Amino acid sequence: MKKKLTINTLALGNLKKRKKQYAVLIIGIVLAMVFSSATIFFISCTKSSNEEFKRRTMGNFYFYLFADDGIVDVEKGVRDGYVEEYGYAHILGYAYTQEKGVEQGTPVAWLDETAKELYYPYFEEGRYPEAKGEIAIEKEAALRLGINPEIGEQITLSMQTANSTDYFSDCVEKTYTIVGILADKRKNIEKYLNTMWTPSFAAAFVFEDEEITAGGKEILCLYLNPTEKSLNEKVATQTPAGTAYSSAFESYFVNGIYDKIESLYADNYNYSNLLRDIHSFSYDTNADVSNSSILSITLAVVLMLASCIGIVNAFSSNLKERKKQIGMLRAVGATKRQIINIFGREAFLISLICAPVSVLVSYFAVKIYALLMGDSFIFVPDFTVLIITAAVSVVCVMLAALVPLISAAKISPMQAIRNVELNRKMKNKKIKTQSFFKVPVLIARRSMKLHRARQIGVTLILIITIFASSFGLAILKAELIDTSWYTYYTGDYVVRRSTYADTSHFLNMPNIDKKISLNNISDILAYPEFKSVYGYKEAASFIVTDEYSDYMKLLEFDLFYSLRYKLNSDLLTPENTAAITDVNKLFELCCGGEHQFYNKLKQNTEASAQMRATVINGYDAVMIENCIDRFEVIDGKIDIDKLESGEEILLVAYESADFVISWYDDGSIQSFGIYDTQKEKTKDQTVVTTAQLDIKAGDTIKLHSVYSDVFECDWGTENYIEREHLSFCDKEVKVGAIIKPFDFSDSMSCSTPMSIVTTANGLDIVTGQNHGYENLNISFDGEIDDFSDTAATEYLNGIFAGSYFKSLSGYKEIQDDMYLARIFIISLLSVVILMFSICASIVNNALTAKIRESKKEIGTLRAVGASVKELTGIYVRQLVSMFIWGMSAGLGGYTVIHIILKLCFGKSYAMPYLIWPSLVICILLCFICSINLYFKIKQEMKHSIVENIREL
Amino acid sequence: MNIIECKNLTKEYLSGENVVKAVDDVTVSFRQGEFCAITGPSGSGKSTFLHVLSSLENPTSGNVYYGEKSLSSYNDNQLSILRRRRFGFVFQAYNLVQELTGYENILLPVMLDNKKPDEEYLNKVIDMLGIRDRLGHLPSALSGGQQQRIAIARALSNRPAILFADEPTGNLDGKSGREVLSLLKYVSKQLGVTLILVTHDLHVAEQAERILTIEDGKIVKDTRPAASV
């Protein structure tokens, strides 16, 4: 039975008859599509991997509040549109083991259904408890308890029962069977908190029917997610420092709760710290994700365009081969529309084959990558992205096929059969007959000249690959080669503040503001592998003077306070600034000439003369000794012995200081500050007035240090501390040397003029009291490894558990950084290699198609005596030309963008200029493609000349 | 004196599962300067015989001798050099390189040989073929007859010893065909080139000094028409 001849059968017939050609065409299209779809899928997976990673390591909540004992009216938050969802962890008690001690414990809780979703338990092994007596525990929490968790194991814990906001000090024994081992969350959340207050975050979970020990009351901990709207909506708030912008959620909901907590628990700052830090972490991550989305979309569009060019190219080659067929169809009466129909359907059939294949290849490429990356890349395929990519791919193929198709359909039958196009091109391009030539050179050159459009696609893909890879490899170099792995910590281990203590700029409050004690230092030094401990202290004091000098007025607190408070007023404008000729006028304009704060403070502190607040920075003598050559001494000499004895201090100041304002275009103040007169100012900075330092090395200054036994709050308003809470210490010291503000970021810094620097002992002497340390730098004796680091960290945690301080490991920081860098490097390298491989395949494919298309020409040339060398020469020259164009344009573009970025961002654009790896890869690829071409020609020459000629 | 000869030349093809003998144990020799037409019905194997004889295809068995030397002893490179220096080819479909102009096509064998073109000789050939005004055009701008003349000039450009022509008039109309044939005959005679021409047209064959008739891959007749003598 005869089949009915339709456009579909014609299109299918073409596909069936030209299997080989179509196989090459399909491979070309698949490669071009993989070029974009694999990258898009990879980006989407990286995004979902990051999100999943965040969920697994930090939970799926935005906001956490310990002991929500009726503090939050969540229902009102829901009604007002601030809260999307919330759930509670019901803490039954605080569990620890006698062996490891109470500091290494964890709260034990059960989660309601929403809290489960928000906490997002991720089980490394096992499941969530389903019966009484079962427990699921975070791995790190178990290890801290001294338990190496195994499913089915029974553990006995000492448990302090919860009392609704805290725990009773007595404990009861509880026995649980481990049914689940959870991925760590508490450990990760702690990193972002300024607290090590472990009793607040549950890391062990029991079944909801588990009862609290008699007499206790569950602590309710709130997990919450805000609404998208309240998070995105920005609200302006007036603060003493000017207008601040925050999200509606933060402004209304968080700050509201924060104020309430502050008033309820003024003596326990851990609550508020927990709440704030988790919040800010979530915000940053979301911002990162949204930034990377914009980048991803841009990259996707560029790659899609490049793929389309590749596909146009593949189809053009295919249609070129079939020009005669089109001519014949046109000759027998096929209309343009019918031609487009036949070949369009063919393109559609091809896209239906190519789209799923390329999507599958992309899927497995990313999956293999995820397998290779192990835990650091969580493979969470977004099938919507896959489907969209497939659909977009089909559309791209159709659109890309349409471009050559329309131009093919336009040609007349005779044009198609006789190829007059070449002749026309020749006339247009003014080709001159050569009377002496090298055959491969001339044919290659002529071929490129006459078929330039065909090479543009391939060259463009090369350009994009080289351009992108140059940037990628430069980033790689910056991350891998130029990075010396060092820690920002100044010692192998450092001890820092873990909470924002209530400190004052003017008062010392030793009873309230707890610091690191000498006992702590003795404990640290008792650890055999700690070699030395150095630290830093600070104290508030006043420099007392008979009369305010211009220099002091310039650095005056009142001036800054007034300006900050009136930042958006028209107190200072570019116009009235011009009228300011000296410091007194500035002072008059900004503060009405009154030293409000000092006047009031003077009354309370019994200071008889004028004074200016300062901070005394006390470093252990050895630290100053190590940096002695780095200080810029303006006057005098640094004598450490005299600093140690309290006889001298170092005054930090500029010899001459400028009061500088940076303006916005609309005339409002962007920023203001004190700058060294010697420092060059930028265009938008105006020097309002200048003052000279009137203190010399060798001068004696009076220091007035004030101590308070209560917290000084609301400074700047009318509420000042009562006289009976204050005590004073007055000392006279000599200025040993005047040094410029400094920032040795690896050890010590002081950027404020009129600050004082001395040794830690000197500080105690000049302020009349022994002060605790603000931070410590600890040196380890010998090489640190994982094992010694864990032991040392655990030891330090033991010392500072429950205090306002926490220890940090430089070794761990470097390890973490290196690990992240390694992941980044592998990802980037994979993308670069993938791009180059696909690019090489596309180039290769294009040339293979060309060889196939030119079989007759190859046969002819063989017949007239061309050897494999000459034939290979023709194609290699074209290949090299494409690479040279691609490399020149790609590297040229990269160079131009690099220069522009350098000019725009100056030193802050620290990316190295790196072209040779891309160059080497390109040359290598070109060489490989040339070898491949040679073998392709050899292969072709295995056929007889007659077969070559007859092929078409 | 024989310039080229073949002994027991056989060429087999696979057609589906069947082996087809396109050339079947042919032994024949050609004299220098001779004009020989190979004729026979379609599918008789005459073109295949020409292809194997001219080294465009390898024989299944038997040997082709150019002078004293068997072509089977030549490697790929040597065969290429032989083709560019000693053989000239004219195909039915002209087979010009589309990206090169007429003159550049003519120069191909000379340039492949890295020689300086012999302008005087080339001018003579070009004038004999009457294509001077078409030299700067691409093949696509030329008529069939003009393209075939360019192909003949190309085949003669390196002063070959033998000119192989496979149905050179097959694609041309009667008048052009006759013109091209007379030119081939004239030029080869003038230049002392052996012309071995495949045709199924008896009128064309009749103009040769010698006619080989092939049927089923075998030479069934080897005649020398009186007119030519």
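This is a predicted model: local features need pLDDT of at least 70, side-chain atom pairs count only at pLDDT 80 or more; totals for chains, interfaces and linings use all residues.
Then I checked how the two strands are joined. Strand E18 of chain A covers residues 656-663 and runs antiparallel to E20(A). I noted seven bridges between them. Next I wanted the whole sheet. It is open and has three strands, in the order E19-E18-E20 of chain A, with antiparallel pairing. I listed the edges: strand E19 (669-676) and strand E20 (685-692) of chain A, each pairing on one side only.

I moved on to strand E21 of chain A, residues 700-708, where Ser708(A) sits. Is Ser708(A) buried or exposed? I put it down as buried, because 21 C-beta neighbours lie inside 10 Å and the cut-off is 20 or more. I also checked Ser708(A) against Pro510(A). The pair is 198 residues apart in sequence, yet the C-alpha to C-alpha distance is 7.9 Å.

How many residues of chain B are in contact with chain A? I recorded 30, which meet 32 residues of chain A. I then asked which elements of chain B supply two or more residues to that side. They are helix H2 (76-86) and helix H3 (102-112) of chain B. Last, I sorted this side of chain B by class: 14 nonpolar, nine polar and seven charged residues.

Technical notes
Residues are numbered from 1 along each chain as its sequence is written. Chains are lettered from A and ligands numbered from 1 in the order in which they are written. Helices (H or I, at least four residues) and strands (E, at least two) are DSSP runs, numbered from the N terminus. A residue is buried if 20 or more other C-beta atoms lie within 10 Å of its own, exposed if 12 or fewer, and partly exposed in between; C-beta atoms are placed from the backbone. Two strands pair if DSSP finds at least two bridges between them. Two residues are in contact if their C-beta atoms, placed from the backbone, lie within 7 Å. Ala, Val, Leu, Ile, Met, Phe, Trp, Tyr, Cys and Pro count as nonpolar, Asp, Glu, Lys and Arg as charged, and the others, Gly among them, as polar.
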